[in-house]
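This briefing sets out selected features of the structure shown below, grouped by topic. Please keep the structure in view while reading.

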Amino acid sequence: MGLRSALDDAGMTPRRLANLVGVSAKQVERWLGDAELTPHARNRADACRALGVDEEMVWPQAVKDRIKTGNDRELVHSYPYRSACPSTVWAELVEGAEEELFLAGYTNYFFFTQVPAFPETLRRKVKSGCRVRFLLGDPGGEVTRQREAVEDVALSVSTRIRITLEHLDRLAVEGLEARFSAALDAINHVSLSVFRFDHDALVTPHLARLVGHDSPLMHLRRHGDGGMFDRFAEHAEELWSRGVPVGERRA
């Protein structure tokens, strides 16, 4: 459509539009004279409101420039706290995973309290052919003890890990895989949780003394090779490759 057509359709003069937007008539004339000139976002919004049109009809390039492209598209949503991510998001991602469910948090404890019927869902996933993996921190490891001292909360890191292990023991599902991260990798594991659901991932970098639910979270969706999703997925896979099967460590 363009700005001039919008003015004509609205029966409005450039001077009248300038008054409504709060800019000079000369400024509006510049917008009209240079199709590549993009006004500030607030002026665009005020002008479109005055003209009764959508911004993409008058300044389509400005709208296109706001749309994420390339790897930027992989960030679906970000949350300042993991606890701010709706429980429905976790449940839907778990339920929607068909090929890969890889939970590489340090304790993974909250899945059993936050996701409805989680044990039954795990059984069903494994039976349907979905690969289900848990990467856990070593409850008796030095990094675990250090983290407990840092967090200083009643439900300690080692306790949360052991609760997860008890749930997995009760599941007794053949094909479900569980490993402890290697001692040399533990510091990298405890500081970054990666939860993968096919081509979606929820990633939490753990901040200072904060427990997981108080740290920020990013929801990523894979859109191509070498993007943020792949970078975090590769990190988790590297930790897994050096991990020790839970049965061996506990034997």
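In which helix does T164 lie? T164 lies in helix 11. The model described here is a predicted one.

**T164 and its surroundings**

- T164, in helix 11, has a relative accessible area of 0% and is therefore buried, the cut-off being under 20%.
- Apart from its neighbours within four places in sequence, T164 is in contact with T107, N108, Y109, F112, F134 and L136.

- Strand 5 (residues 192-197) pairs with strand 6 (residues 200-205) in the antiparallel sense, over six bridges.
- Within strand 6, the residue opposite V194 is V203.
- V194 of strand 5 is also the bridge partner of A104.

**Strand 2**

- Strand 2 pairs with strand 3 in the parallel sense over four bridges, and with strand 5 in the antiparallel sense, also over four bridges.
- On the strand 3 side, E100 has R131 as its bridge partner.
- Five of the five residues of strand 2 are buried.
- Burial applies to both faces of strand 2: E100, F102 and A104 are buried on one side, and L101 and L103 on the other.

**Helices lying across the sheet**

**Packing of helix 10 and helix 11**

- Two packed helices are described by the angle between their axes and the distance between the axes.
- For helix 10 and helix 11 (residues 157-171), the angle is about 120 degrees and the axes are 8 Å apart.
- Helix 10 is therefore oblique to helix 11.
- From helix 10, T144, R147, E148 and E151 take part in the contact; from helix 11, the residues are V157, S158, T159, R160 and I161.

**Salt bridges**

- E95 and R124 form a salt bridge through their side chains, at 3.0 Å from N to O.
- This pair links distant parts of the chain, with E95 in helix 7 and R124 in helix 9, 29 residues apart.
- E95 counts as partly exposed because its relative accessibility is 39%, and R124 is likewise partly exposed, at 41%.
- R145 and E142 form a salt bridge in which the closest N and O atoms are 2.9 Å apart.
- Both R145 and E142 belong to helix 10 (residues 142-151), where they are three residues apart, about one turn of the helix.
- R145, with a relative accessible area of 45%, is partly exposed, as is E142, at 43%.
- D230 and R222 meet through their side chains in a salt bridge of 2.7 Å, N to O.
- D230 is buried, with a relative accessible area of 10%, whereas R222 is partly exposed, at 28%.
- A network of salt bridges links E100, R133 and E237.
- E100 in this network is also one of the buried residues of strand 2.

- R82 is located in the loop between strand 1 and helix 7.
- The relative accessibility of R82 is 12%, so this residue counts as buried.
- Although R82 and P205 are 123 residues apart along the chain, their C-alpha atoms are separated by 9.8 Å.

Methods. Residues are numbered from 1 along each chain as its sequence is written. This is a predicted model: local features need pLDDT of at least 70, side-chain atom pairs count only at pLDDT 80 or more; totals for chains, interfaces and linings use all residues. Side-chain values use heavy atoms; hydrogens and water are left out. Two strands pair if DSSP finds at least two bridges between them. Helices (H or I, at least four residues) and strands (E, at least two) are DSSP runs, numbered from the N terminus. A salt bridge is a side-chain nitrogen of Lys or Arg within 4 Å of a carboxyl oxygen of Asp or Glu. Buried means under 20% relative accessible area, exposed over 50%, partly exposed in between (1.4 Å probe, protein chains only). Axes are lines fitted to C-alpha atoms, for helices over the stretch in contact, and angles run from 0 to 180 degrees between N-to-C directions. Angles under 35 degrees count as roughly parallel, over 145 as roughly antiparallel, 65 to 115 as roughly perpendicular and the rest as oblique. Contact means heavy atoms within 4.5 Å.
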